[in-house]
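Thanks, everyone. I'll keep this brief and go through the contacts between chains. Here is the model.

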Amino acid sequence: MSAIIYALTNPIFKNFVFYAAASTVKMMAMSLLTSRKRFAKNVFSNPEDIPLGNKNQAKVTFTDPDVERVRRNHLNDIENILPFVVIGMFYVATNPNAMLALWHFRIFFFSRIFHTIAYQLPLPQPSRAIGYTIGYLTTISMAVQLFRALLK
Amino acid sequence: MSAIIYALTNPIFKNFVFYAAASTVKMMAMSLLTSRKRFAKNVFSNPEDIPLGNKNQAKVTFTDPDVERVRRNHLNDIENILPFVVIGMFYVATNPNAMLALWHFRIFFFSRIFHTIAYQLPLPQPSRAIGYTIGYLTTISMAVQLFRALLK
Amino acid sequence: MSAIIYALTNPIFKNFVFYAAASTVKMMAMSLLTSRKRFAKNVFSNPEDIPLGNKNQAKVTFTDPDVERVRRNHLNDIENILPFVVIGMFYVATNPNAMLALWHFRIFFFSRIFHTIAYQLPLPQPSRAIGYTIGYLTTISMAVQLFRALLK
């Protein structure tokens, strides 16, 4: 293992970078969606934000169901995508089978896309729960392989 | 410093990976604990989740004290464990003393385990505050050493 | 690209480490500010924390405007600084122009400092929105360059 793991010349790292960056950008998109919902519903979280909205209708509230749904989705991304990035980064250091690794990255990314669609439409449960669980187990699978490699 | 820092052949990085991954998995476990509390108390955060619970009792609420306690613990992990991972990753690049580094990683990890126990039982204060502060200062200690190395 | 990217001998990585660590420490400082506001206003989030405050006035509440303002600022940091760290780390792997990279890191860091000042004073809008948007676009700019390099 004298080759450089963390370089784009390593196809496993390159694939990880692609899916980890795509997942992170997807998570960042939740901020835009929150903004759009805030302006559509004229609800803000700070008094000084009121002049940004429609003057007569804008108000401060933390209970608008549409805005809070996007916020919960965003927080759920933070709770799942960032651990994927951390565990995935370390998993790459174990020099896993390239195809196995690629499928972990792909399945995670698409499970989170599906989770977001299921959350925002919303689709009836257990749609969102399935998307969530697949992503969660993908990260756990990488963690298990990582700990096996570390403790060997 | 021509050796490769970020490889499992570097024992400092290997130790960091172990404790950073263990801390991240511990953080992920808070999701399972939230789920368990939601089903035990029949409280959910989305109307479409109601059919997953006990049909006659399940309701949407954001004020259940047991569920919210786990949620606060989870968010506190996010606020502390992810900075530890970031600062720790960079700290490893400074090629610190191996034993000093290992103790930083160990103390951080066990301070967060203790913090979680103190939060969930709960233990009387200042138990949780002590667990929190030890973890926080461990990350700050690595940050101070990092900035010293960067500005040298 | 046989040189080691992720080592402090690479000035692009070194600059990234400096600004990413500075942004992370700034984010961690929000915890101290939350604590300070909690003790100043005697408002806590757990019943067992009451004895830490002024005994006759301390109470549990989640609606104190000063504390919640700091909390929102902290969460906004998490939503923006951690994606910057992830995308920036990967962007460094593309071996970008050193000066271009440095300005991305600098602009991001100072936009978040300005965002925090605008949030906490608070400054009238669109001050905070401008600070936020500049930081957001800096990360997106790095992501665009990253995907271009990956798909080349």
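How many residue pairs are in polar contact between chain C and chain A, both at pLDDT 80 or more? The count is eleven. A polar contact here is a pair of N or O atoms within 3.5 Å; within protein, one must be able to donate a hydrogen and the other to accept it, and residues adjacent in sequence count only if both atoms are side-chain atoms.

Some ground rules. This is a predicted model, where local features need pLDDT of at least 70, side-chain atom pairs count only at pLDDT 80 or more, and totals for chains, interfaces and linings use all residues. Residues are numbered from 1 along each chain as its sequence is written, chains are lettered from A and ligands numbered from 1 in the order in which they are written, and side-chain values use heavy atoms, with hydrogens and water left out.

Stay with chain C and chain A. Here 32 residues of chain C are in contact with 33 residues of chain A. Contact means heavy atoms within 4.5 Å. The pair buries about 2700 Å², and carbon and sulfur atoms give 74% of that. Buried area is the accessible area (1.4 Å probe) that two parts lose on being put together, summed over both. On the chain C side, Glu79(C), Phe90(C) and Leu150(C) supply 22% of the area buried against chain A, more than any other three residues.

Now the charges. Four salt bridges are counted between chain C and chain A. The rule is a side-chain nitrogen of Lys or Arg within 4 Å of a carboxyl oxygen of Asp or Glu. One of them joins Arg128(C) to Glu48(A), with the closest N and O atoms 3.5 Å apart. Which elements give two or more residues to the side of chain C that touches chain A? They are α2 (65-93) and α4 (127-151) of chain C. Helices are DSSP runs (H or I, at least four residues), numbered from the N terminus. α2(C) gives the most, with twelve residues.

Next, one residue at this interface. Tyr119(C) sits in helix α3 (residues 98-120) of chain C. Is Tyr119(C) buried or exposed? Its relative accessibility is 3%, so Tyr119(C) counts as buried. Buried means under 20% relative accessible area (1.4 Å probe, protein chains only). Leaving out residues up to four places away in sequence, Tyr119(C) touches Ser45(A), Asn46(A) and Glu48(A), among others. Within chain C, its contacts include Arg69(C), Arg72(C) and Arg128(C).

On to chain A and chain B. The contact involves 32 residues of chain A and 33 of chain B. Together they bury about 2700 Å², 74% of it on carbon and sulfur atoms. Four salt bridges cross this interface. Among them is Glu48(B) with Arg128(A), closest N and O atoms 3.5 Å apart.

Look at Gln125(A). It lies in the loop between α3 (98-120) and α4 of chain A. Gln125(A) has 15% relative accessibility and therefore counts as buried. Its side chain makes a polar contact with the side chain of Asp49(B), at 2.8 Å. A polar atom of that Gln125(A) side chain also lies 3.5 Å from the backbone nitrogen of Arg128(A).

Technical notes
Buried < 20%, exposed > 50% of the residue type's maximum accessible area, 1.4 Å probe, protein only.
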